[in-house]
Amino acid sequence: MDSILSMEMLLSTLRMAIPLVLASVGGTLCERSGIINLGIEGMMLSGAFGAVYGTYISGNPWIGVLFAILVGGLFGILHAVLCIRFKTNQSVSGIGINVFVSGLTIVLTRAVWKSDGMSGQVEKLPAVSIPGLKELPVIGTLFTEQSPYLFITAGIVLGAWFFMYRTKAGLRLRAIGDHPQAAQTVGINVSLYRYVAVTFCGMLCGLAGGYLSIVQSNLFVKEMVAGRGFMALAAMILGGWNPLGALCASLVFAFAQALRISLKVEIPNQLMLMLPYFITLFVLLFFGRKVKGPQAAGNIEE
Amino acid sequence: MKQKTVLHNLLLSLGAILCSLLIAAGVMLLVGYDPLEAYSALIEGAFGSKNAFANTLSKSIPLLFTGLAVAFANKGGIFNIGGEGQLYAGAMASTVTALMMQGAPRFLVIFCSFCAGMLAGACVGAIIGAAKIKLQVNEVVVAIMLNYIIQYFTSYIVTYPLKQEGAMTAQTVDIGANYMLTKLIPKTQLTTALLVAVAAAILLFFFFKKTRAGYHIRAVGENKSAAQAAGIPMMTTAILTMGISGALAGLAGTTEVFGKMGRFIDGFSPGFGFTGIAVAVLANNHPMGILLSALLFGILEAGSMKMSYSAGISTSMVNVIQGLVILFVATPNIIRLIKRKKGES
């Protein structure tokens with residue numbers, strides 16, 4: 001039991017939280033603009049594939065990360081165009097993207113690597129140490145031989161929070177999610193904000209997917225996102241559509257996972273995997289009136 | 001007038017299918033496959049022989065049920081994305097019922113198990129409907145959470161307490177060949193479940209046309225505030241809508257157990273609940289249209305093996321097509337735009 005609060009436990013929690021944090025912060029920005037995104041799962045999967053493919057053709061995992069962001073962003077744009085320009089039902093569009101990407105990545109994996117559901121192995125994104133900071137006592141470990149994703153993610157969470165609550169554009173974004181007509185009336189370009197938010201969400205989801213394939217692993221496996229996209233959606237809701245809240249919720253979910261692995265007690269995996277959804281549902285059903293998302297999410301005004 | 005809108009919707013759906021097939025062909029060309037070879041193999045796989053066609057029909061059965069489930073809820077203005085959870089709940093409840101009633105007469109076991117499956121699905125659905133009205137929470141979110149909770153919970157049940165001893169996969173023991181549905185064509189998976197599904201579609205058609213409850217549900221779906229002002233009870237209607245929708249999805253799971261697997265197998269659904277959304281949207285929520293759109297998706301599923309075998313494409317190509325159909329059908333404005341552009345030129 002002594003391992004629960006150890007540095008090792010903290011690190012493994014952080015590692016598991018990274019993809020959830022990135023995707024849930026993306027989802028937060030997206031829904032704050034009034035667009036529901038159920039395609040997070042698919043966008044992450046596209047990023048996971050993009051990262052491996054980019055690394056495969058260039059030999060450089062950083063190009064892989066770039067690919068992941070681009071591919072995710074592409075599906076973000078698709079979702080944005082469908083929802084904003086063509087007024088597609090947002091939930092259906094998200095589901096469509098999930099099904100499409102799930103099929104496409106498998107087809108492409110087979111086309112590129114001639115194998116079913118598994119890519120060849122590629123180089124992993126190397127870990128980095130931050131000179132200076134790594135000499136610090138106790139917290140020095142956080143800066144020694146860690147994935148660059150750790151620092152990128154921390155930066156994105158803080159940046160997203162700062163943007164949403166400390167800038168004029170962020171205030172406008174929040175206003176759009178709650179009262180789009182009012183925002184339109186005072187001359188804010190509502191559609192532009194939405195396009196940017198949804199596309200950025202796609203890019204973050206792609207980035208998150210890349211973490212799964214070229215940091216936690218070194219290849220693409222079909223359906224490797226395995227529900228993390230929806231878990232990120234749960235984190236977004238539990239976090240009250242606030243980047244810092246999404247971070248905390250993701251950490252709670254990740255801690256539960258890390259705990260199961262570190263405790264040598266036999267807890268059925270399924271029950272642990274169920275936990276995030278159970279907590280979120282519980283909170284929704286019993287505190288539902290207090291957990292309110294952007295009021296106009298899901299409705300595109302004519 | 002009515003006739004005209006039906007025709008219009010049919011044309012929109014056909015346009016969506018055509019666009020999807022074209023783009024999918026483009027994807028195949030880009031990746032270096034021959035789309036003509038692929039599509040002809042797909043057609044042959046789905047219709048090539050009597051057994052192949054029976055297989056196609058049997059593949060469309062679960063999609064018929066989940067499609068009806070989504071359409072039913074849509075008519076009442078609720079988006080039921082929880083079909084996946086409801087069908088797992090239904091499959092588990094019916095399997096457990098059948099396992100507990102071993103030795104009882106065949107008809108009784110099947111009847112009770114089907115009731116249990118429908119009831120389980122209905123309960124899950126009713127929770128979603130009640131939460132939407134009572135707590136004003138988004139039904140989509142509640143449904144997604146329930147999907148995962150139920151999937152993991154049933155997975156737990158068949159991995160631990162109810163696992164068949166010595167089996168490699170997580171599954172329950174066999175419910176017994178005696179309790180399986182009758183096969184319509186021997187040596188295929190086509191069972192009387194098809195008749196149940198078609199009967200359900202016809203029943204729903206008349207339910208909306210002729211009954212008071214059906215009228216209430218449609219009224220709420222078409223104009224919520226007007227329906228509320230007219231004194232239609234919102235809570236009861238939402239629970240009824242989602243209860244019946246859930247029961248239909250529960251039947252999808254039940255008929256998979258009693259028509260094909262003979263037991264509950266962990267994670268048996270390849271996303272029937274989600275494909276049901278495509279089926280319903282493609283049919284514009286019309287019960288009779290769902291017969292056609294479920295068949296279309298059944299054709300894709302059934303033909304995929306042959307396509308993979310002769311053209312070398314992954315069977316998942318059908319997911320690409322399905323995803324495209326969902327996106328196109330949900331976006332009638334694109335098809336309208338293409339039509340208008342053509343009109344101009």
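These legends describe close-up views of a predicted model.

**View 1. Chain A as a whole.**
Chain A is built from 11 helices and zero strands. Along the principal axes, the C-alpha atoms of chain A fill a box of roughly 55 × 45 × 40 Å. A compact globule of 302 residues would have a radius of gyration near 19 Å, and chain A agrees because its own value is 19 Å. Of the 302 residues, 52% count as buried. Contacts that reach along the chain can also be counted. Among contacts in chain A between residues at least 6 apart in sequence, 75% join residues at least 24 apart.

**View 2. Helices α1 and α9 of chain A.**
Helix α1 of chain A covers residues 7-32, and helix α9 of chain A covers residues 228-238. Their axes come within 8 Å. They cross at roughly 60 degrees, so α1(A) and α9(A) are oblique to each other. The crossing of α1(A) past α9(A) is right-handed. On the α1(A) side, the contact is made by Pro19(A), Leu20(A), Ala23(A), Ser24(A), Gly27(A), Thr28(A) and Glu31(A). On the α9(A) side, Arg228(A), Gly229(A), Met231(A), Ala232(A), Leu233(A), Ala235(A) and Met236(A) take part. By class, this contact of α1(A) with α9(A) has eight nonpolar, four polar and two charged residues.

**View 3. Thr280 in chain A.**
Thr280(A) is found in helix α11 of chain A, residues 269-287. Is Thr280(A) buried or exposed? Thr280(A) is buried, because 27 other C-beta atoms lie within 10 Å, and 20 or more is the cut-off for buried. Leaving out residues up to four places away in sequence, Thr280(A) touches Ala234(A), Ile237(A), Leu238(A) and Met145(B). Met231(A) is 49 residues from Thr280(A) along the chain, and their C-alpha atoms are separated by 9.5 Å.

**View 4. Thr167 in chain A.**
Thr167(A) is found in the loop between α5 (148-166) and α6 (168-178) of chain A. Thr167(A) counts as exposed, because it has 11 C-beta neighbours inside 10 Å and the cut-off for exposed is 12 or fewer. Phe67(A) is 100 residues from Thr167(A) along the chain. The C-alpha atoms of Thr167(A) and Phe67(A) are separated by 30 Å.

**View 5. Where chain B touches chain A.**
Here 40 residues of chain B are in contact with 40 residues of chain A. Which elements of chain B give two or more residues to the side that touches chain A? They are α5 (106-135), α6 (139-159), α11 (272-282), α13 (317-329) and α14 (332-344) of chain B. The most comes from α6(B), with 13 residues. By class, the side of chain B that touches chain A has 30 nonpolar, 10 polar and no charged residues.

**View 6. Helices α2 and α3 of chain B.**
Helix α2 (residues 35-47) and helix α3 (residues 50-75) of chain B have axes that come within 5 Å. The axes cross at roughly 90 degrees, so α2(B) and α3(B) are roughly perpendicular to each other. From α2(B), Gly45(B), Ala46(B) and Phe47(B) meet Ala52(B), Phe53(B) and Thr56(B) of α3(B). The residues of this contact of α2(B) with α3(B) are four nonpolar, two polar and no charged.

Methods. Residues are numbered from 1 along each chain as its sequence is written. Chains are lettered from A and ligands numbered from 1 in the order in which they are written. This is a predicted model: local features need pLDDT of at least 70, side-chain atom pairs count only at pLDDT 80 or more; totals for chains, interfaces and linings use all residues. Axes are lines fitted to C-alpha atoms, for helices over the stretch in contact, and angles run from 0 to 180 degrees between N-to-C directions. Helices (H or I, at least four residues) and strands (E, at least two) are DSSP runs, numbered from the N terminus. Angles under 35 degrees count as roughly parallel, over 145 as roughly antiparallel, 65 to 115 as roughly perpendicular and the rest as oblique. A crossing is left-handed if the near helix is turned anticlockwise from the far one by less than a right angle, and right-handed if clockwise. Two residues are in contact if their C-beta atoms, placed from the backbone, lie within 7 Å. Ala, Val, Leu, Ile, Met, Phe, Trp, Tyr, Cys and Pro count as nonpolar, Asp, Glu, Lys and Arg as charged, and the others, Gly among them, as polar. The radius of gyration is taken over C-alpha atoms; the globule rule is 2.2 Å times the number of residues to the power 0.38.
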